[in-house]
Amino acid sequence: MAGSTQTSGLGFVGQSVKRVEDERFLIGKGQFVADVMPDGVLHAVFVRSPYPHATITSIDVSEAARHPGVARVFTGKALNEVTQPFVPLAPQPGSYTPIYHAMADEKARHIGDPVALVVAESRHIAEDAAELVVVDYDMLDGVGSIDRALATDAPQLWDRADGNTLSDATDTYGPVDEVFAAADRVVSITLDSHRQANQSMETRGTVVEVDGVTGLLTVHNTSQGPHVLKWAIAAQTVNQGRMKSLWGFVRNTSRRKAFFAAAKDFRKANKDDLKGQDNAGMKGQLKKDRSLLKYMGRMGLGLLATENFPTVTSVDIGGGFGAKGPIAREDIPVVVAAMSLGRSVQWIEDRVESLSDGGQAREERFHVDVAVNNDGTVKGLRVDALIDGGAYPAFPFGANLIGTLWKVYMPGPYHFEAFQLRSRIIATNKGRVVPYRGPWANETWMRERAIDAVAAELGMDPADLRSKNMMTQDNAPAAFITGPTIDETMSTRKTFDRALEMIDRDQLARDKADAEARNHRIGLGIASYHEAAPGPPNFADSISPGSGMLLKEDGRATIESDGRIVMYTSQVPHGQSHQTTYKQIVADEFGVAMEDVEVIWGNTDKSQFSFIGTGGSRGGPLGGGVMRATAREIRKQVDELAAEMLEADIEDVTIVDGNIHVSGTPAHGISYADVAAEAAKRASVTAGPVFDVDLKYEGVGNGGWSCATHVAIVDIDLDTGQVTIPRYLVVEDCGPIINPAIVDGQVRGGVAQGIGAVFYEKAFYDDDANLLTTTYMDYLIPTAMEIPEIEIEHLETLTEGENDFRGIGEGGMIGAPAALTNAVSDALGIQVTTQYLPPSTILELAGIITPD
Amino acid sequence: MSHSITFTINGEITTLDIEARRSLADVIREDIGPTGTHLGCEHGVCGACTILLDGQPARACLMLAVQADNATITTIEGLADGDKMHPIQKAMHEAMSFQCAFCTPGFLMSAVALLEENPNPTTDEIREELSGNLCRCTGYQSIIDGVETAVRLMSRGES
Amino acid sequence: MTLLAELGDDAKILAGGQSLLPVMALRLGTPPHIIDIGGLTELADITASPDGVTIGATVRHRTAETSDDIARHAPLVAAALPHVGHRAIRTRGTVLGSIAHADPAAEMPAVCLATGATMVTRSIDGERQIAAADFFEGYLTTVLHDNEILTHVRFPAWSATAGAAVVEISRRHGDYALVGLACTVDVADGEITSAALSFLGVSGTPVRVTKAEQSLAGKPPDDAAFAAAADIVTATLEPGGDVHATANYRRHIAGVLTRRGLAEAAARTGVPA
């Protein structure tokens with residue numbers, strides 16, 4: 001539409017516009033969950049199991065309850081009796097998902113499993129009282145590793161599972177057996193990645209406010225998906241009988257009608273996706289545990305009858321990286337406590353709790369076979385992967401996401417003709433697995449490590465092996481063998497070629513020689529990958545047929561009667577600077593200054609529903625895409641009315657700096673306020689929205705692949721095993737960039753987490769599943785001294801599509817562990833097969849010391 | 001058992017009766033009000049709770065409030081002069097130093113302390129001095145850039 | 001003193017709080033009473049005399065770090081101070097607090113052992129003077145009685161021909177050392193007359209490897225002598241392993257640090273830190 005292309009010329013998109021968020025953050029006026037302190041709020045402290053695996057034989061809370069200042073003490077059993085459990089929403093084929101309540105009542109399944117709840121006037125008193133709760137445990141053997149979990153005599157964590165294997169699925173693409181049989185050789189390697197804790201500087205927390213008069217709940221929380229939390233709270237704390245719920249629903253005419261209308265709409269909008277859905281997973285789950293039907297029935301009916309849903313809100317969140325996507329088990333009991341006491345209650349997770357069950361990830365093992373010809377042509381890839389899933393599956397998603405994404409990504413940018421992946425989730429007595437910045441990231445680590453191992457076996461340079469096998473823009477097939485289509489945004493090869501150009505091989509050879517003279521070793525490592533951000537039209541279907549529904553976003557915007565532009569988003573920023581980038585996009589579309597746009601987020605009463613919220617790098621492509629599409633829609637309405645008012649053709653309407661005028665005559669312009677006032681007059685209103693748009697945005701179909709190549713040069717001191725990183729380079733292509741400084745910050749943050757993962761961070765459980773890293777003195781987050789300057793080179797492959805924004809958030813962490821472990825392998829002349837390389841391990845690999 | 005303590009915080013004299021075991025961080029946030037001082041670990045490692053005590057950087061989570069009797073405390077809320085931002089705040093905004101900003105208060109106070117003692121630090125000195133503050137979002141480069149920007153602003157007399 | 005006598009082990013002394021407060025926050029220790037000695041001005045001094053340098057209980061690391069007297073007359077202390085935590089920790093924490101806390105990975109206890117410092121304690125029963133070699137008993141344990149305060153530490157006079165160095169290996173900058181060495185070496189006429197090798201992080205207390213120290217006597221301060229001492233160190237020490245490093249690693253590092261520390265100390269002989 002002609003009017004829409006005449007924008008401000010201010011051109012915020014593409015500039016490193018300074019952050020709007022800084023206005024409050026830099027003066028200490030952020031509103032994080034711990035800053036919400038309602039008058040008279042009570043403090044909740046959980047009593048937690050000190051044992052990894054135990055039967056709870058008795059709990060005595062009487063002394064604790066008598067402690068002065070204590071409002072109430074709840075046993076786990078009492079809380080579970082009045083709540084519904086966490087249930088799998090979309091069971092995968094080949095999986096069994098244990099159904100569990102928020103609290104542990106019969107068994108404790110990991111250190112930190114919550115067994116009782118103390119609510120008191122202050123946190124000090126609550127902790128004092130917590131020490132008075134007497135719990136009798138009967139210790140069971142702890143399952144502290146995948147090997148222990150799979151041993152025939154291992155204790156079983158969940159009665160209905162197959163031993164401790166919760167999920168076992170195999171996906172095959174192409175003629176795997178033939179390809180392997182025909183290849184010259186097969187290179188095999190087993191790779192182990194260690195458990196990491198998904199740590200942000202702010203822990204999780206919830207403050208549940210109860211309105212004294214209405215009983216309505218406002219839940220302040222750190223959730224990345226507030227709508228999901230709202231529904232979960234409503235569903236799980238619903239407590240009416242089935243018949244009562246059904247009767248309540250039937251009698252409430254307006255709710256009944258609205259429900260059926262919405263259901264019809266939903267079915268119509270998602271017809272194809274719903275048809276494509278594979279129900280094998282649900283059938284498999286029900287075969288092992290029919291209780292799912294009972295709980296879903298209860299919760300479903302309860303929800304239908306529920307009049308008052310809680311409002312969930314988060315203003316500022318101090319980082320999440322995926323850990324704040326799943327629901328904290330603790331949130332449900334805290335809501336129950338608030339409801340039963342009729343008072344506000346808060347729980348702010350402390351760092352010890354965060355390291356125990358705030359969310360863990362990445363403990364995975366890969367048995368990799370690569371079928372390759374002697375000339376270096378890779379032919380086939382076979383992987384047998386195991387995930388150490390911890391004890392409780394995160395809700396609504398956690399470990400169960402990983403394999404589904406792996407199967408699409410694993411072959412990477414190489415011309416494999418066949419690929420097979422078996423992935424299993426194994427239950428152990430450890431903290432939950434949550435999404436962690438590129439939950440699938442280890443597929444890149446595994447693949448790029450294996451590529452280097454193949455190169456070593458063939459006596460080839462790893463860069464040459466990549467050059468030989470990596471798709472180019474010209475020879476890329478129409479689709480990956482795993483399904484998703486390939487378009488011009490699949491530019492991994494471009495990033496790889498550019499990265500190679502930026503490495504001075506001769507200098508590197510000289511540096512290596514110099515290093516040896518002082519008992520150091522220098523090595524170079526490369527890693528290439530792509531990620532769907534959000535991906536081509538059929539990406540969601542490749543993961544799981546019919547899951548495209550989850551990628552849809554709703555757009556909402558209004559222009560108020562005074563001319564204010566208000567944009568609503570389902571995104572929940574926790575560091576991504578969405579407030580700034582969305583204003584950039586929208587201000588450009590409207591031809592106004594950024595201050596003239598308001599962005600509303602994070603409150604379930606105001607923002608639109610989203611199943612995923614913020615995660616999976618949706619912020620840019622989906623969040624931003626829907627912003628732009630929505631802005632354009634509402635701009636059309638403004639242009640139409642303005643054209644009338646200016647007595648001009650709509651194509652001649654131009655808006656620059658908020659001045660709406662006929663192109664060429666800026667002196668005779670009108671303002672948004674003028675147009676809004678006219679609209680108000682015509683509609684006979686004096687306040688409220690005068691223009692509004694509700695948009696269904698199909699994320700699928702726009703925006704494609706984000707690609708990158710990481711290059712790491714490491715310098716190892718062979719006396720001490722310490723590693724420095726003299727050079728780290730990222731060549732990345734995420735399409736057009738909204739705000740370059742913000743993108744750079746995201747890349748660097750991701751790389752820093754990758755450096756942390758390889759050289760500093762390990763969530764240590766011993767074989768009996770005792771957790772040894774419970775404070776920041778043991779779990780080592782890298783400081784400014786450990787993170788080098790990171791060079792970033794941007795390529796910007798553009799497409800013809802209307803929305804080109806592609807995600808960048810996860811990328812840094814996807815490439816870094818691979819590049820770094822490849823560099824260490826190169827430096828030491830061996831093949832590294834683990835991801836955790838502290839100084840002790842480096843010296844062991846170098847043959848200088850032996851393991852204890 | 002409660003003790004009466006008096007200290008100056010961000011220019012205002014405050015007298016409180018507080019329990020001995022309460023940390024300075026908790027008392028600032030809960031009793032006095034400013035919540036800009038953040039708690040990231042409560043065992044003295046992350047530095048998010050860094051404040052200035054008699055001009056020197058200190059971790060408010062590692063102090064009992066009673067130890068601050070007669071002290072002068074500055075928190076992030078005390079850096080700006082009314083509407084006028086402290087050069088470090090201006091600089092960090094310029095350099096787009098932060099993302100989720102939970103670590104920000106600690107970094108600002110540490111940077112202020114550094115520049116007060118050493119107005120012209122090298123990049124290495126900045127890096128070392130800030131190594132007592134953890135950040136999970138940025139990879140630190142933008143924060144170091146922010147301090148270097150502050151050095152330039154302050155040497156040009158902009159305050 | 002009286003308070004301490006009454007309360008005994010129900011009380012903990014508070015000066016800097018940088019070791020005590022994390023313990024309390026994590027509820028690893030919940031002392032019913034805390035005696036804050038921060039206001040005791042008579043313990044706030046650094047005093048230099050021909051007998052050496054005496055540091056009082058409330059002297060903060062930061063103050064010691066900027067003290068000319070310590071730089072000149074107790075260079076091993078001066079060398080250790082920058083390794084102690086981060087600036088905000090050094091602003092509050094005290095030298096003697098670190099010594100009384102007796103974390104085997106802390107620098108100050110090892111420095112006391114290396115220099116043969118004397119601990120001066122006071123209680124209602126009087127004053128004691130305890131040699132560093134007799135002061136540290138085990139992990140976080142000293143010979144201090146429940147009713148006793150460590151009031152001063154006296155570092156003996158520093159030899160004009162000696163050099164000092166503190167070297168450590170830690171996982172991250174500012175962390176507790178995996179292994180560290182506080183070392184001194186005295187050289188006259190091109191020969192080592194005495195040396196001290198005091199290790200931290202290798203045992204429940206700081207440890208001196210006297211056999212290695214003795215091996216250096218009479219030798220020129222060169223790499224061959226240092227390497228020989230290092231071999232004795234790695235053959236003697238029996239460190240433990242934990243989540244941060246294996247035992248074999250620590251043992252290896254002790255040897256590496258021996259060579260590095262001695263070289264650094266030898267280069268500084270006769271030069272103030």
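A crossing of two helices is termed right-handed if the near helix is turned clockwise from the far one by less than a right angle. In the predicted model, the crossing of α2(B) and α5(B) is right-handed. The axes of helix α2 (residues 87–94) and helix α5 (residues 141–155), both of chain B, come within 8 Å and cross at roughly 130 degrees. The two helices α2(B) and α5(B) are therefore oblique to each other. On the side of α2(B), the contact involves Pro87(B), Ile88(B), Lys90(B), Ala91(B), Met92(B) and Glu94(B), and α5(B) supplies Gly146(B), Thr149(B), Ala150(B), Leu153(B) and Met154(B). Seven of the residues in this contact of α2(B) with α5(B) are nonpolar, two are polar and two are charged.

Two non-glycine residues of chain B have positive phi values. For Asn70(B), phi is near 70 degrees; this residue lies in the loop between β4 (56–59) and β5 (72–74) of chain B. Asn70(B) counts as exposed because it has 10 C-beta neighbours inside 10 Å. Ala101(B) has a phi of about 70 degrees and is located in the loop between α2 and α3 (104–117) of chain B. Ala101(B), with 30 C-beta neighbours inside 10 Å, counts as buried.

In chain A, the peptide bond joining Phe395(A) and Pro396(A) is cis, with omega about 0 degrees. Pro396(A) belongs to the loop between β16 (378–388) and α16 (399–409) of chain A.

Between chains A and C, 23 residues of chain A are in contact with 16 residues of chain C. Helix α27 (residues 839–845) gives the most to the chain A side, with three residues. The residues of that side comprise 12 nonpolar, six polar and five charged.

Key: Residues numbered from 1 in each chain as written. Chains lettered and ligands numbered in written order. Predicted model: local features only at pLDDT ≥ 70, side-chain atom pairs only at ≥ 80, totals over all residues. Axes fitted to C-alpha atoms, helices over the stretch in contact; angles between N-to-C directions. Helix = DSSP H or I, 4+ residues; strand = E, 2+ residues; numbered from the N terminus. Parallel < 35°, antiparallel > 145°, perpendicular 65-115°, else oblique. Contact = placed C-beta atoms within 7 Å. Nonpolar A, V, L, I, M, F, W, Y, C, P; charged D, E, K, R; others polar. Buried ≥ 20, exposed ≤ 12 C-beta atoms within 10 Å, placed from the backbone.
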